[in-house]
Amino acid sequence: MASGKDSDRTLGYMTRKDTEVKLPRPTRVKNKTPAPVQITAEQILREARERQEAEIRPPKQKITDSTELSDYRLRRRKEFEDKIRRARWNIQVWMKYAQWEESQKDYARARSVWERAIEGDYRNHTLWLKYAEFEMKNKFVNSARNVWDRAVTLLPRVDQLWYKYIHMEEMLGNVAGARQIFERWMQWSPDQQGWLSFIKFELRYNEIERARSIYERFVLCHPKVSAYIRYAKFEMKGGEVARARNVYERATEKLADDEEAETLFVAFAEFEERCKEPERARFIYKFALDHIPKGRAEDLYKKFVAFEKQYGDREGIEDAIVGKRRFQYEDEVRKNPLNYDSWFDYVRLEESVGNKDRIREIYERAIANIPPAEEKRYWQRYIYLWINYALYEEIETEDVERTRDVYRECLKLIPHSKFSFAKIWLLAAQFEIRQLNLAGARQILGNAIGKAPKDKIFKKYIEIELQLGNMDRCRKLYERYLEWSPENCYAWSKYAELERSLAETERARAIFELAISQPALDMPELLWKAYIDFEIAEGELERTRALYERLLDRTKHYKVWVSFAKFEASAVEEDEEEDDQEEIDAIEHKKECITRARAIFERANSYYKDSAPELKEERATLLEDWLNMETNFGNLGDVSVVQSKLPKKLKKRKPITREDGSTEYEEYIDYLYPEESQTTNLKILEAAYKWKKQKLAGSEEDYD
């Protein structure tokens, strides 16, 4: 009995090992090199065909008397009837049966088979075709007519049945009968090819009027561009120009809005061109270009340009080319209405033509495409459409009210709470100034300051009021400017400069004091320089020195030290007619100035030496400026004072680790100052003394 481990109740008395499918062990290919003779698929198929056994065919049977023939026919009919009983739906069996009966010259039986087949599946037009062909082949004309008549009655939508029926009657010379069949067919409103076949039939027998009447019925049944063009070409071929033009005119009235209207207008214009009527053709082209959408008029524009090059003057050719470019721009803005560069090009094209209404229409369509997001980068190109629109209305059309409306609508559209454009505010204000509407300009600029204050707006507004001489307004604007941007050093400097130009020295000094007391400034160095230059221009040397000292309390930049020293070194220019005593006093004054300047440089050098030893490069630059100043003093200068403090320049290399872990070395300039070299020498002597002492101690131990 199998163990519990291997047994399974679903397997009966068999174990899992008994039910395992044992697959053959895959053979291991030892030699994987290609064989010297390769076997192709073609070779395998050829060998299989050669080895194939010959087909077993039944022996040929010869029938010698009527009895054998009757037996043969009976046997074959039984076979066919058995096949039909098994597969009545198989058309091929019926067809082979009927064709066999036909081969036996038993036409009545063959006809009976065809009738039985049609009774089973009368919707199969192939059966009708083969049946009718059987009757025609054996010259049973009336029977064939009967078959065709029944076929087209039951299956009137099968065009092939009608074609074959009509062809038979025409081959028999029964033209009236063929025409009658065509008329029956046309009552079912067939496709265009059926109507065209009827027309060709009538033209073969030179029945022009009949063909024309069929064309009239044809265009009523199929009111399409191609139908009208065929009708017009038929009339043109017959030399009926007036009739052909009438057909084209009727077509344009009915199908002007059709999708294929472009083809119709081109054909109409080419017809007029062949009739030596270029003015009519030009009118048709222009009418078509005005009515057909630009997206479907590409071929029409090409034809129009070619026509104008052949028949038109210079102006007409230019209009055609403009129309072609207009089509291109329409296509571009239709594909991407937010491509503002295409709108600019389109407007420029229309401005070159000069049609004001069309230019305004393009501008209105362009500005209607508002950027999808309220981010300034999306609006930066769009806003120039408004600017160009306003400038066009002001300069070209000289329409003041429309210009004002354009600026007003543009300012309403911009989301000033998120971003704004100073140029729009300024252009609107400048426009009002040009119209001598100063109150309107002030109102616009005031709104700009309230909704979207910007540096440009404040500067321009102050400039306008300054030109008008309104100093109180300028002061108020500067105060608003500084309330909005208290860290703006430019505004503080310009405000103080305004007060100084008005001889309000104390007000200017108070503004400077207020400015430098601000907790944050964008460019404090410019503000301090302006304050110092102001005090120097006022001749307040003590105030200037105090300012420098206050500045040095805030920053110890080497440029501040140098500027302070140069200020102290500046002496009064000598007068050519001064006497000896005054000359002595001037020299003493110069010496005093040089001493003060030298003392400032000494302070700066001491600061860098003691408090900021890491700023070696700034200290070296300071000493170079000091040396240059001593040189410029001439006889009063003392170059040796500085030379003893100058450092030595040393080229050094420092390792830099790259991202990949490798190390490279970079050269840099280091400075070695005199006090550093003395310290280095002392350290070397100390190390040498220690080494000597250790050596002597070692020799004594060896002696012991």
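Contact here means that heavy atoms lie within 4.5 Å of each other.

**Figure 1. Overview of the predicted model.** The chain shown in this predicted model contains 35 helices and 2 strands. With contact taken in the sense given above, residues 24 or more positions apart account for 47% of the contacts that have a separation of 6 or more. Of the 704 residues in the chain, 35% are buried, and the chain exposes about 45,500 Å², of which carbon and sulfur atoms supply 49%.

Figure 2. Arg-77 has its place in helix α3, which runs over residues 66-86. Because its relative accessible area is 15%, and buried means under 20%, Arg-77 counts as buried. When neighbours within four places in sequence are left aside, the residues in contact with Arg-77 are Tyr-97, Trp-100, Glu-101, Asp-106 and Arg-109.

Figure 3. Lys-139 is found in the loop that joins α6 (125-137) to α7 (141-154). The phi of Lys-139 is near 65°, a positive value in a residue other than glycine. Most residues other than glycine have a negative phi. With a relative accessibility of 73%, Lys-139 counts as exposed.

**Figure 4. Close-up of helix α10 and the helices packed against it.** Helix α10 comprises 13 residues (192-204), which at 1.5 Å a residue should span 18 Å, and the 18 Å between its end C-alpha atoms agrees with this expectation. Its buried residues are Gln-192, Gly-194, Trp-195, Leu-196, Ser-197, Phe-198, Ile-199, Phe-201 and Glu-202. These buried residues pack against α8 (159-171), α9 (175-186), α11 (208-221) and α12 (225-237). Just after α10, Asn-206 takes a positive phi of about 60°.

Figure 5. Glu-272 is found in helix α14, residues 261-274, and at 1% relative accessibility Glu-272 counts as buried. Apart from neighbours within four places in sequence, Glu-272 is in contact with Arg-245, Glu-277, Arg-280, Ala-281 and Ile-284. The C-alpha atom of Glu-272 is separated by 9.2 Å from that of Arg-282, a residue 10 positions away along the chain. In the loop between α14 and α15 (278-291) lies Lys-276, whose phi is near 60°, a positive value in a residue other than glycine. At 68% relative accessibility, Lys-276 counts as exposed.

Figure 6. The buried residues of α19 are Ile-359, Arg-360, Ile-362, Tyr-363, Ala-366 and Ile-367. Because these residues cover an arc of only 160° around the axis, they lie on the same side of α19. What covers them includes α18 (340-353), α21 (383-396) and α22 (400-413).

Figure 7. Glu-465 lies in helix α25, which spans residues 455-468, and with a relative accessible area of 1% Glu-465 is buried. Not counting residues up to four places away in sequence, Glu-465 touches Arg-442, Asn-470, Arg-473, Cys-474 and Leu-477.

Figure 8. The structure holds 0 disulfides. Cys-221 counts as partly exposed, at 27% relative accessibility, whereas Cys-489 counts as buried, at 2% relative accessibility.

**Figure 9. Close-up of the hairpin formed by β1 and β2.** Strand β1 (residues 648-657) and strand β2 (residues 663-672) pair in the antiparallel sense over 10 bridges. Within this pairing, Lys-652 stands opposite Tyr-668 in β2. The two strands form a hairpin with 5 residues between them, and in the turn Gly-661 has a positive phi of about 95°. In a regular strand the side chains alternate between the two faces of the sheet.

Technical notes. Residues are numbered from 1 along each chain as its sequence is written. This is a predicted model: local features need pLDDT of at least 70, side-chain atom pairs count only at pLDDT 80 or more; totals for chains, interfaces and linings use all residues. Side-chain values use heavy atoms; hydrogens and water are left out. Buried means under 20% relative accessible area, exposed over 50%, partly exposed in between (1.4 Å probe, protein chains only). Helices (H or I, at least four residues) and strands (E, at least two) are DSSP runs, numbered from the N terminus. The arc is that of the directions from the helix axis to the C-beta atoms. Two strands pair if DSSP finds at least two bridges between them. Accessible areas come from the Shrake-Rupley method with a 1.4 Å probe; for residues, only the protein chains shown count as cover. A disulfide is a pair of cysteine sulfur atoms within 2.5 Å. The expected span of a helix is 1.5 Å times one less than its number of residues.
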